[in-house]
Amino acid sequence: MDSSILLARLIGPYIIVIGASIIFNQKIFRKIMEDFPKDPSLIFVTGLLTFITGLATVLFHNIWVADWRLIVTIFGWLVLIKGVFLVVLPGTLIKATKIYSDNFKLVLIPWGIMILIGIFLTIKGYIN
């Protein structure tokens with residue numbers, strides 16, 4: 001199976017589930033956003049897992065072409081960069097969380113768009 005198809009099948013549903021959970025469980029997610037930055041160990045472990053996920057995606061799918069596969073590559077790079085920030089600069093998470101907590105629409109609007117991207121990738125992964 002093509003790596004683009006495999007990653008679209010993995011990333012698409014992942015994005016849909018995470019986005020839907022944020023939209024349908026806003027009260028719980030706000031609590032998570034308040035509590036997460038208070039635990040440095042959790043930030044570090046999350047950063048390591050995020051870094052490894054992004055690195056694996058970039059290593060197996062660093063395809064810079066002008067079609068849908070670019071979404072998978074960009075996703076990998078963004079996850080890799082986020083993992084680096086969480087491990088190397090965990091204080092940035094605290095600042096970002098404060099901004100997002102104060103204006104929750106800054107979370108909902110991008111995740112609405114992310115759900116659409118997830119649906120697109122899922123279709124590409126399972127229907128192509």
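Modeller: The account below takes the salt bridges in turn and then turns to some other parts of the fold. The model is a predicted one, and the distances and accessibilities quoted are computed from it.

The count comes to 3 salt bridges. In general, side chains of opposite charge can pair when their charged atoms come close. K31 forms one of these bridges with D35, and the closest N and O atoms of the pair are 3.2 Å apart. Both residues belong to helix α2, which covers residues 26–35. Because K31 and D35 lie 4 residues apart in that helix, about one helical turn separates them. K31 has a relative accessible area of 47% and is therefore partly exposed. For D35 the relative accessible area is 31%, so D35 is partly exposed.

D35 also meets K38 in a salt bridge, with an N to O distance of 4.0 Å. K38, at 63% relative accessibility, counts as exposed, since the cut-off for that class is over 50%.

A further salt bridge joins D67 and R69, whose closest N and O atoms are 3.0 Å apart. D67 is partly exposed, with a relative accessible area of 32%, and R69 is partly exposed at 24%. As for shared partners, K31, D35 and K38 are joined by their salt bridges into one network.

The surroundings may be described next. W64 is located in the loop between α3 (40–60) and α4 (69–88). Its relative accessibility is 55%, so W64 counts as exposed.

Helix α3 contains L42, which is partly exposed at 39% relative accessibility. L42 and L86 are 44 residues apart along the chain, and their C-alpha atoms are separated by 10.0 Å.

Finally, there is the packing of two helices. The axes of α1 (residues 3–24) and α6 (residues 105–127) come within 7 Å and cross at roughly 150°. The two helices are therefore roughly antiparallel to each other, as angles over 145 degrees are placed in that class. The crossing of α1 and α6 is left-handed.

Technical notes: Residues are numbered from 1 along each chain as its sequence is written. This is a predicted model: local features need pLDDT of at least 70, side-chain atom pairs count only at pLDDT 80 or more; totals for chains, interfaces and linings use all residues. Side-chain values use heavy atoms; hydrogens and water are left out. Buried means under 20% relative accessible area, exposed over 50%, partly exposed in between (1.4 Å probe, protein chains only). Axes are lines fitted to C-alpha atoms, for helices over the stretch in contact, and angles run from 0 to 180 degrees between N-to-C directions. Angles under 35 degrees count as roughly parallel, over 145 as roughly antiparallel, 65 to 115 as roughly perpendicular and the rest as oblique. A crossing is left-handed if the near helix is turned anticlockwise from the far one by less than a right angle, and right-handed if clockwise. A salt bridge is a side-chain nitrogen of Lys or Arg within 4 Å of a carboxyl oxygen of Asp or Glu.
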